[in-house]
Amino acid sequence: TVSVSKNGGTVTASISYAASTATYFAGLFGVSAFPSSGTVVISRTNSPFFDIEIVMDNSSSMAIAATTAGMTQLGQLVEKSPLFAAWGQNQACAFGCHFAANNNDFYGLAESHHIQLRIDVLNQAVQQVITTLAASPAAAQFQVGLYTLNTSLTTVFPLSGDLAAASAAAAGLTVPVTSAGNDADSNFPAGMQSITAIAGAGGDGSTQANARKFVFIVTEIGRASCRERV
């Protein structure tokens, strides 16, 4: 008798058997057969399916230099720049944002001098996460979606199993540089409401349509927080 059952991603097969074996010598003592029976149970848990949504803060604060040395270097460049002095910005500013004009802005200044900003660190971290997923034996079980968060949540890369394309999308992320000097602040309440609606409820991971769901939030405090959508 064979029975198969499935619970989430675990499949269990149970085989029960019963038989009777004829005897020869024991027959002299009235025992004509010996009964035998048993049960064998085998189970296997398949790799679950995952939907991973990554919310990347690209507000103005992500344009600050990523290291103390970088802050000092950028501040000195801004302070000495005749262009920025004309704007009344002849101060040691360590933020690579504001005043976009033909790339003559703090962001362009940081890039042209290869000063690493927090947004650059974020890009690298997200790409490393995606690379790790792609190298997994269960890579086909993952889908990734990318979103930016400043004044609102914006979809950069819709949820997809194309991990190479997701990595390329993460590499191109920048901070919006404003021509009027307005800050692109992080509106977390609105952003969290938006990503909650996009991600939806999580499942048990047994199928792609019933995937387990995780939301990673990468923001300027240098940490990544994770919340599973259940």
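Reply: A13 stands opposite I42 in strand 3. The model is predicted, so local features need pLDDT of at least 70 and side-chain atom pairs count only at pLDDT 80 or more, while totals for chains, interfaces and linings use all residues. Residues are numbered from 1 along each chain as its sequence is written, and side-chain values use heavy atoms, with hydrogens and water left out.

Strand 2 (residues 10-22) pairs with strand 3 in the antiparallel sense over 13 bridges. Strands here are DSSP runs of E with at least two residues, numbered from the N terminus, and two of them pair if DSSP finds at least two bridges between them. Strands of a sheet pair through backbone hydrogen bonds, either parallel or antiparallel.

An open sheet of three strands has the order 1-2-3, with antiparallel pairing. Strand 1 (2-7) and strand 3 (33-45) stand at its edges; each has a single partner strand, so one side of each is left without a neighbour in the sheet. On average, neighbouring strands of this sheet are turned by 15° against each other, direction ignored; the axes are lines fitted to C-alpha atoms, and angles run from 0 to 180 degrees between N-to-C directions.

Q143 is buried, because its relative accessible area is 19%, and buried means under 20% (1.4 Å probe, protein chains only). Leaving aside neighbours within four places in sequence, the residues in contact with Q143 include F50, D51 and I52, where contact means heavy atoms within 4.5 Å.

How values were computed:
Buried means under 20% relative accessible area, exposed over 50%, partly exposed in between (1.4 Å probe, protein chains only). Helices (H or I, at least four residues) and strands (E, at least two) are DSSP runs, numbered from the N terminus.
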